[in-house]
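Dear colleague,

I am handing over the structure below, and my notes on one part of it follow. Please read them with the coordinates open beside you.

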Amino acid sequence: MTELKSIPDKELIETILDYNGEEFQARLTEVIRKTRFHEHTKIKCLHLADGAENEPDYRNLVAGAQKLLKKADDVWIITNYGGIATADFIVKYGSLLKYIDLKTINSLNSLEQLISKHKNQARRFFINVADAHCEPKKFAGKVKNCFLENERLSEIIVSQRGKMLSIDRKAIESKDYYMWVRKQWK
């Protein structure tokens with residue numbers, strides 16, 4: 001991994017999305033190293049930044065982290081840092097760290113607007129859809145539009161009624177994208 005000059009905490013958080021590749025991974029590692037975390041008392045591999053329990057959406061964050069932990073090795077819940085909008089999680093999959101923002105919506109109709117509004121917070125989003133149904137083709141189209149409108153977007157993970165689907169840029173560029181979504185979203 002690249003050895004990078006340490007920068008002040010606030011600047012680290014403010015500029016984290018300016019980095020890519022190994023530099024980005026190094027910055028996420030630095031956030032984990034510099035932030036004070038403690039273990040969740042009941043959920044293994046869930047690490048909470050000091051003060052996370054005081055966040056207004058703490059229950060949603062824990063519920064989202066539990067869903068991510070079905071496939072991830074570790075999840076760190078980070079809190080908004082000094083008024084700077086941040087993603088909600090750093091998620092570890094093997095040796096890869098991802099910086100993911102959680103959003104809960106009632107309907108997929110607001111998906112594109114939500115991603116556009118928060119594109120400066122993260123490049124990866126975990127969307128928890130509460131009690132809504134959306135036809136696979138319509139759902140696939142909305143997700144594809146999010147990628148077409150935001151060139152920095154790299155992944156959308158959607159959870160709805162017990163289903164979870166991760167869609168990245170490579171998937172939406174596939175000629176079989178709509179068929180793949182239909183099969184995955186049954």
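**Val129 and the strands beside it**

Leaving aside neighbours within four places in sequence, Val129 is in contact with Ile105, Asn106, Leu108, Val158, Ser159 and Gln160. Please keep in mind that this is a predicted model. Val129 itself belongs to strand β6, which covers residues 124–129, and because its relative accessibility is 3%, where buried means under 20%, Val129 counts as buried. The C-alpha atoms of Val129 and Tyr177, which lie 48 residues apart along the chain, are separated by 21 Å.

Three of the contacts named above, Val158, Ser159 and Gln160, bring us to strand β7, which is made up of residues 155–160. Strands β6 and β7 pair in the parallel sense over 6 bridges, and within this pairing Arg124 stands opposite Glu155 of β7.

How many of the residues of β7 are buried? The strand is mostly covered, with 6 of its 6 residues buried, and this holds for both faces, since Glu155, Ile157 and Ser159 are buried on one side while Ile156, Val158 and Gln160 are buried on the other.

Strand β7 is also joined by 6 bridges to strand β8 (residues 163–168), and these two strands run antiparallel, with Ile156 standing opposite Ile167 of β8. In the hairpin that β7 and β8 form, 2 residues lie between the strands, and Arg161 takes a positive phi near 45°.

With best regards

Conventions:
Residues are numbered from 1 along each chain as its sequence is written. This is a predicted model: local features need pLDDT of at least 70, side-chain atom pairs count only at pLDDT 80 or more; totals for chains, interfaces and linings use all residues. Side-chain values use heavy atoms; hydrogens and water are left out. Helices (H or I, at least four residues) and strands (E, at least two) are DSSP runs, numbered from the N terminus. Buried means under 20% relative accessible area, exposed over 50%, partly exposed in between (1.4 Å probe, protein chains only). Contact means heavy atoms within 4.5 Å. Two strands pair if DSSP finds at least two bridges between them.
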